[in-house]
Amino acid sequence: MVTLCINPQCPHPENGDDRDRCQACGARLRLGQRFRPIQELGRGGFGRTFLAWDEAEQPPQRCVVKQIVRSQGSRDRDLAEAKRLAQLGQHPQIPTLIAILESARDICLVQSYIAGRNLEQVLQADGVFDESQVRSLLMALLPVLQFIHQQGIIHRDIKPENIVLPTEGPPTLVDFGAARTAPTATELEH
């Protein structure tokens, strides 16, 4: 098995599983001395997402590490996302926040792993949904949408890639990086 170095400047991020430090750049491979990244799942404007092993659990459990590379003045915004995830992760259709790991280079949000494919992958593989499938999906998403709105949060990035269809259970909503607190009625008046 391979352990990935998540240092964005690392020239050769793949390492053997038995290493504690990257053989190419010397960065620590286990995040928080607990999480071992093994596969990049995606990347976007603010960072990357990795599948990892939580080695503090016995047996080790899969988790997701969202690495947010710091930009000038982004710490408050990044920590606000972490705070939202901690608050929202209490709902069964939102991954649980396990840890927040902060370094000078980045903030890593570690969340529970949801086994399954995202809606985009399902649509690519199986084709478009018929009316009853669309209705069923929307009805299954309503409880989580109601919950986040009751918490005063607007997701702002609901799209097929951010809806995970687990192997068991209702759809899960992920990626709250663009989410914002909804303005109050008083704020809207001004």
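Strands E6 and E7 run antiparallel and are joined by five bridges. This is a predicted model. E6 covers residues 97–102, and E7 covers 106–112. The two strands make a hairpin, with three residues between them. Across the pairing, Leu101 stands opposite Cys108 of E7.

E7 also pairs with E5, again in the antiparallel sense, over seven bridges. Here Asp106 of E7 is the bridge partner of Val69. Six of the seven residues of E7 are buried, so the strand is largely enclosed by the rest of the structure.

## The largest pocket

The largest pocket holds about 1100 Å³ of space. It is lined by 38 residues, and those closest to its centre are Thr49, Glu161, Asn162, Val174 and Asp175. Several elements give two or more residues to this lining: strands E3 (35–43), E4 (47–54), E5 (61–69), E7 (106–112) and E8 (116–118), together with helix H1 (75–88).

Which classes of residue make up the lining of the largest pocket? There are 12 nonpolar, 13 polar and 13 charged residues.

## The second largest pocket

The second largest pocket has a volume of about 190 Å³. Its lining counts 14 residues, with Arg28, Leu31, Ser103, Arg105 and Asp106 closest to the centre. Asp106 is also the E7 residue that partners Val69.

The hairpin strands return here. E6 and E7 each supply at least two residues of the lining of this second pocket. By class, the lining divides into six nonpolar, three polar and five charged residues.

## The sheet E8-E10-E11

Three strands form an open sheet, in the order E8-E10-E11, with antiparallel pairing. The edge strands are E8 and E11 (172–173), each of which pairs on one side only.

E10 spans residues 163–166 and pairs with E8 over three bridges, in the antiparallel sense. Arg117 stands opposite Leu165 of E10. E8 also contributes two or more residues to the lining of the largest pocket.

## Helix H3

H3 runs from residue 131 to 150 and has 20 residues. From its first C-alpha to its last it reaches 28 Å, close to the 28 Å expected at 1.5 Å a residue. Where does H3 bend? The bend is at Leu142 and is about 35°, with a proline, Pro143, following within four residues.

The buried residues of H3 are Leu137, Leu141, Val144, Phe147 and Ile148. An α-helix has 3.6 residues a turn, so residues three or four places apart point the same way. Just after H3, Gly152 takes a positive phi of about 80°.

Two loop sites deserve a look. Pro59 lies in the loop between E4 and E5. A cis peptide bond joins Gln58 to Pro59, with omega about -5°. Both E4 and E5 give residues to the lining of the largest pocket.

Gln33 sits in the loop between E2 (14–16) and E3. Its phi is near 55°, a positive value in a residue other than glycine. Is Gln33 buried or exposed? Gln33 has 63% relative accessibility, so it counts as exposed; the cut-off for exposed is over 50%.

Conventions. Residues numbered from 1 in each chain as written. Predicted model: local features only at pLDDT ≥ 70, side-chain atom pairs only at ≥ 80, totals over all residues. Heavy atoms only, no water. 1 Å grid on protein atoms, 1.4 Å probe; cavity = no way out; pocket = protein on both sides within 12 Å on 5 of 7 lines; lining within 4 Å. Points joined across faces, edges and corners; volume = space filled by probe spheres on them. Nonpolar A, V, L, I, M, F, W, Y, C, P; charged D, E, K, R; others polar. Expected span 1.5 Å × (residues − 1). Bend = angle between axes of the 7 residues up to and from the residue. Buried < 20%, exposed > 50% of the residue type's maximum accessible area, 1.4 Å probe, protein only. Pairing = 2+ DSSP bridges.
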